[in-house]
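Dear colleague,

Please find below the structure I am handing over to you, together with its sequence. My notes on the strands follow it.

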Amino acid sequence: MEHKSITITMPEVYRPIIEQTNRTFLISGGRISGKSKNTYLLAIILSLNLPYTDILVARANYGDIETSSYNELKAIINEYELNNEYTIYKSPLRIVRRMNAGTIYFTGASGDEDRTKGFMSQYKVSIVIVEETQQLKDENELMQLE
């Protein structure tokens, strides 16, 4: 199998996320500060380097995911010419690595508490990304995700 090498550059401020063993990070910053793009670059790096693991992306409202997180990941896959590495599905929203080597799942977190309780991934989850946590109804919704 042919291996493709890509170079991904992230701002220095994100170095602690890659180098530390912390399990939880809160990334803050203003609009257009690169939080989402760099978080999804990290997700793609993990997806490529940890085959047979899954990723979960959550937002308060599932309806907001397609126009934000999902589109951002699609753009990164296109930008780095990784289209042969992933299959992108629209219904339900998910991105599957070639040869079923892992899936990026998308879910909403607000509303029904059973929504995230019943989530079952095919493989061990390597990273959970929760976007726009301020949109969650209360702390209980965040705890349900955890």
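This is a predicted model: local features need pLDDT of at least 70, side-chain atom pairs count only at pLDDT 80 or more; totals for chains, interfaces and linings use all residues.

Residues are numbered from 1 along each chain as its sequence is written, and side-chain values use heavy atoms, with hydrogens and water left out.

Strands (E, at least two residues) are DSSP runs numbered from the N terminus, and two of them pair if DSSP finds at least two bridges between them. Buried means under 20% relative accessible area (1.4 Å probe, protein chains only).

Strand E1 (residues 53–59) has seven of its seven residues buried. One side carries Thr53, Ile55, Val57 and Arg59, the other Asp54, Leu56 and Ala58, and both faces are covered. In a regular strand the side chains alternate between the two faces of the sheet. E1 runs parallel to strand E5 (residues 124–130) over six bridges, with Ala58 partnered by Val130. E1 is also parallel to E4, over five bridges; there Leu56 is partnered by Tyr105.

Strand E3 (residues 93–97) is largely enclosed by the rest of the structure, because four of its five residues are buried. Five bridges link E3 to the antiparallel strand E2 (residues 86–90), where Ile88 stands opposite Ile95; two residues separate the strands of this hairpin. Three bridges connect E3 to strand E4 (residues 103–108), again antiparallel, and Val96 is paired with Thr103. In the hairpin of E3 and E4, five residues lie between the strands, and Met99 takes a positive phi near 60°.

With kind regards

Methods:
Buried means under 20% relative accessible area, exposed over 50%, partly exposed in between (1.4 Å probe, protein chains only).
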